[in-house]
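Dear colleague,

I am passing on the structure below, together with some notes on what came out of going through it. Please read the notes with the coordinates open beside them.

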Amino acid sequence: MKFTLSWLKDHLDTDEPLEKLADKLTMIGLEVENIEDKAKALKPFTIARVISAEQHPNADRLRVCMVDTGDGGAPVQVVCGAPNARAGLVSVFSPPGTYIPGKDITLGVGTIRGVESRGMLCSAAELQISNDHDGIMELPADAPIGAGYAEWAALGDPVVEINLTPNRQDCTGVHGIARDLAAADMGKFKDPTIKPIKGEFPCPVKVTVEDATLCPGFALRLVRGVKNGPSPEWLQKRLTAIGLRPINALVDITNFMTFDRARPLHVFDAKKVKGNLVVRRAREGESLLALDGRTYNLDPSICVIADEHGVESLAGIMGGEASGCDEDTTDVLIESALWNEINIAQTGRKLGINSDARYRFERGVDPAFMVPGIELATKLVMEMCGGAPSETVVVGKAFGDDRLIEFPITEVKRLSGIEVPQAEMKRILTHLGFMMAGPGPVVKVAVPSWRSDVHGKADIVEEIVRIFGVDKVPMTPFERGDDARKPVLTPLQLRTRRARRALASRGMVEAVTWSFIAKPAAELFGGGQRALEVANPIASDLSDMRPTLLAGLIAAAQANADRGFGDVALFEVGQLFKGDRPQDQFMAASGVRRGLASSEGLGRHWSGSAQADVFDAKADALAVLAASGAPTQALQIVAGGPGWLHPGRSGTIQIGPQNVLGYFGEMHPRALETLGADGPLMVFEVILDRIPEAKKKPTRAKPLIELSAFQPVSRDFAFIVDRSVKAGDIVRAAQGIDKKLITGVNVFDVYEGKGIDEGKKSIAIAVTLQPREKTLTDQEIEAVGAKIVAEVTKKTGGTLRA
């Protein structure tokens with residue numbers, strides 16, 4: 001909502017400075033977002049006269065002008081490209097160092113085609129006064145040379161922009177804003193009575209309302225013999241200041257009423273209206289060419305105003321072009337109506353129209369101002385355009401329902417903590433338009449018609465407190481009690497956050513894919529049941545709820561590859577659906593690696609390649625589990641996985657056969673063919689819901705991270721084992737020697753070939769020892785090493801490689 005300071009003072013008698021008014025507006029809930037003061041912004045621009053304008057020696061469209069700036073010095077040379085630059089022209093001059101708002105530049109001394117230019121002659125667009133950029137500004141010949149342009153043009157009227165909450169429809173007009181400021185002791189509210197204008201003849205146009213729920217009230221009046229033309233300068237300046245384009249007097253009056261009194265009106269050219277008016281629902285197949293130049297297709301959910309021709313206006317939103325007023329209009333129909341807020345909002349959203357009328361009607365206008373609004377509009381029309389008014393036709397209710405609230409005055413102290421004297425409460429409410437009666441402790445408060453948002457005792461307390469001063473509400477800490485604070489996030493929410501962070505730290509990029517996939521893809525991953533089919537899919541390939549996140553991620557990876565970005569690492573944390581019951585819906589973390597998107601660089605890796613492989617997917621899955629709090633010591637990795645994974649290049653992560661946490665591996669070629677993707681692709685999927693919660697034991701508090709003061713020790717071991725032996729068996733055997741001392745066991749080399757017997761392989765591990773109480777001696781390290789060798793030999797039959 002925008003308005004100028006002078007506009008506000010039409011309704012508020014005040015001498016308060018603008019800064020104080022702005023602060024008070026924000027304090028009473030009408031937040032000031034911006035103050036635009038053109039007089040301050042345009043202070044460097046002065047009035048100057050062009051003494052001569054000669055052709056530029058090196059450019060056909062440029063002129064070299066000598067300009068008298070009025071400062072008593074020598075004329076200033078300016079190179080100008082405006083077609084109207086000529087000797088004797090009085091215009092606006094900006095010296096070097098001036099900021100030009102329309103161009104967003106700071107002017108400097110320049111050389112244009114070999115000729116020095118020490119300033120600029122400006123257009124209205126460059127000063128952001130209007131959109132006129134066809135030439136430099138032409139001022140009257142008697143304009144004072146050397147004077148400040150902004151002061152001479154009376155641009156010292158600041159524009160204030162406030163941000164309104166949806167409930168304050170009464171402050172979508174300057175009149176309502178002034179009322180609030182007056183209640184806050186910022187001046188005296190001007191609210192003269194609107195006198196009815198007596199009609200000189202019956203209105204010849206009748207009005208019928210077919211559905212009163214869509215239009216509770218409708219007022220119409222004809223004014224004959226008007227002379228439409230440009231509106232007065234004061235009105236044009238006000239509309240221009242708030243960003244509206246003046247059109248003609250009749251239209252400008254309706255725009256003025258919209259912003260001045262929060263009362264949108266509409267004017268019809270009476271000679272273009274055929275017969276009587278009907279307020280009804282639109283019919284199938286009807287359309288309207290609106291005033292914005294667009295044609296809208298209508299349906300029965302939309303309320304319209306129609307005549308015998310058909311639809312003439314979108315009720316409460318926008319008029320039609322066919323019945324609009326122009327310079328030839330001599331008879332005008334003025335309409336002031338009440339519309340159903342919900343229907344206005346639905347129509348506006350459906351048609352994509354955001355008009356000033358819609359903005360106010362969907363919030364609810366003052367019902368009691370429907371008739372006074374048409375009286376005020378008639379007065380303005382007669383003052384600016386002349387004419388003779390008819391009697392006013394009123395259909396339906398011309399007022400709102402009375403609202404009386406029983407209000408205990410102790411509610412103010414109870415809800416806000418502020419002691420407000422009853423006399424001050426009455427003063428505030430009276431200035432806001434409420435009526436308060438009764439000695440207390442319970443009084444009766446009558447709510448004014450323009451405050452449709454006030455319904456109960458708490459609303460009245462809010463009105464008193466915001467005017468009395470929100471800054472006076474005492475700071476009162478909430479009683480916390482002796483119990484520990486309960487966690488805000490659930491365990492599953494914590495897991496999803498930690499899983500995202502873990503995967504992002506591994507160089508993967510988060511993706512968000514559809515929750516729906518094609519049926520063949522759903523069936524591939526174990527879904528496709530009828531219960532998971534989408535009843536009304538938005539596309540044929542989005543027909544089923546996803547049983548996995550991988551289908552969407554693989555499609556995203558392939559889309560990147562098709563556009564030349566084949567090396568991708570994507571992950572997603574989201575829901576998947578194994579059935580239609582709540583217990584069949586799971587939160588999962590899944591990922592895809594393609595091409596040279598490995599996790600190399602995170603530590604030693606036996607493959608030594610940047611090509612993504614199965615072990616990258618395995619490491620991703622284990623990182624998710626570790627970050628999510630899974631018991632890593634209890635995890636088991638079993639070879640193989642679902643049918644959509646390659647049988648020899650995949651694994652299953654579980655805690656016993658009854659609790660499968662997830663899978664990792666390379667996608668099966670047949671699965672890729674079904675999905676229309678190129679391989680190889682390394683994937684993983686972890687079901688976060690299946691991670692068991694940590695057992696809670698009554699123990700003393702310990703540091704979150706127990707740091708040791710002693711240097712860790714790393715030792716490498718290489719074992720010759722049968723080819724059938726799994727690396728994980730060697731890792732578990734080494735870890736089981738001393739779980740407190742051994743903090744890490746990692747495989748860093750797997751070798752088969754020359755020097756290794758047929759049917760055998762070499763697996764090398766790195767073991768990290770972290771002492772806690774003292775530095776380990778060589779003998780103690782050797783003893784641990786001997787135990788590791790003995791345990792691995794016992795569990796796997798392997799021997800230490802020489």
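**Helix α5**

In helix α5 (residues 174–183), 10 of the 10 residues are buried, so the helix is largely enclosed by the rest of the structure. Please bear in mind throughout that this is a predicted model. Just after α5, Asp-185 takes a positive phi of about 65°.

**Strand β33 and its partners**

Strand β33 (residues 568–577) has nine of its 10 residues buried, so this strand too is largely enclosed by the rest of the structure. Strand β30 (residues 509–510) runs parallel to β33 and is joined to it by two bridges, with Val-509 having Leu-570 of β33 as its bridge partner. With strand β34 (residues 585–594), β33 pairs in the antiparallel sense over 10 bridges, and in that pairing Val-573 has Ala-589 of β34 as its bridge partner.

**An open sheet**

Elsewhere, five strands form an open sheet of mixed pairing, in the order β15-β18-β21-β22-β23. The edges are taken by β15 (207–209) and β23 (318–319), each of which has a single partner strand, so one side of each is left without a neighbour in the sheet.

With best regards

Technical notes:
Residues numbered from 1 in each chain as written. Predicted model: local features only at pLDDT ≥ 70, side-chain atom pairs only at ≥ 80, totals over all residues. Heavy atoms only, no water. Buried < 20%, exposed > 50% of the residue type's maximum accessible area, 1.4 Å probe, protein only. Helix = DSSP H or I, 4+ residues; strand = E, 2+ residues; numbered from the N terminus. Pairing = 2+ DSSP bridges.
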